[in-house]
Amino acid sequence: MAIRVPRIMHAKQILRQSKSSNSMDIPKGYFAVYVGESQKKRFVVPISFLNQPSFQKLLSIAEEEFGFSHPMGALTIPCREEVFIDLTSRLH
């Protein structure tokens, strides 16, 4: 079993888990998403992720599940937090 500490550390530098739901705490060039299957966590991610095919696939899944209505008030991505962090750690 390999330990992927560098990837996790890199992901934590890119992703910002947000403790508040205040839209004022989102820096320019970023947007908020809620990630999780049952319990949702809020992350602030770079807008540049929108150009990435793997992130676009997550958005398609979110559209299939929620349409354009997101009950959390921001984009909701229905996947496990670990999957989201692993995927986004590979993006630049």
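Biologist: Is Ala74 buried or exposed?
Modeller: This is a predicted model, and in it Ala74 has a relative accessibility of 17%. The cut-off for buried is under 20%. Ala74 is below that cut-off, so it counts as buried.

Biologist: Which element gives the largest share of the largest nonpolar core?
Modeller: That core has 13 residues, with Val33, Val35 and Phe55 among those with the most contacts inside it. At least two residues each come from β2 (30–35), β3 (41–46), α2 (53–66) and α3 (81–89). The largest share, three residues, comes from β2.

Biologist: And Leu58, what does it touch beyond four places in sequence?
Modeller: Leu58 is also on the list of core residues with the most contacts. Not counting residues up to four places away, Leu58 touches Ile77, Cys79, Phe84 and Leu87.

Biologist: How do the rings of Phe31 and Phe55 pair up?
Modeller: Phe31 is in strand β2 and Phe55 in helix α2, 24 residues apart. Both count as buried, Phe31 at 15% relative accessibility and Phe55 at 0%. Their ring centres are 6.2 Å apart, with 80 degrees between the planes. Planes over 60 degrees apart get one label, so this pair is edge-to-face.

Note on methods: Residues numbered from 1 in each chain as written. Predicted model: local features only at pLDDT ≥ 70, side-chain atom pairs only at ≥ 80, totals over all residues. Heavy atoms only, no water. Core = buried A, V, L, I, M, F, W, Y, C linked by side-chain atoms within 4.5 Å. Buried < 20%, exposed > 50% of the residue type's maximum accessible area, 1.4 Å probe, protein only. Helix = DSSP H or I, 4+ residues; strand = E, 2+ residues; numbered from the N terminus. Contact = heavy atoms within 4.5 Å. Phe/Tyr/Trp six-rings, centres within 6.5 Å; stacked < 30°, edge-to-face > 60°.
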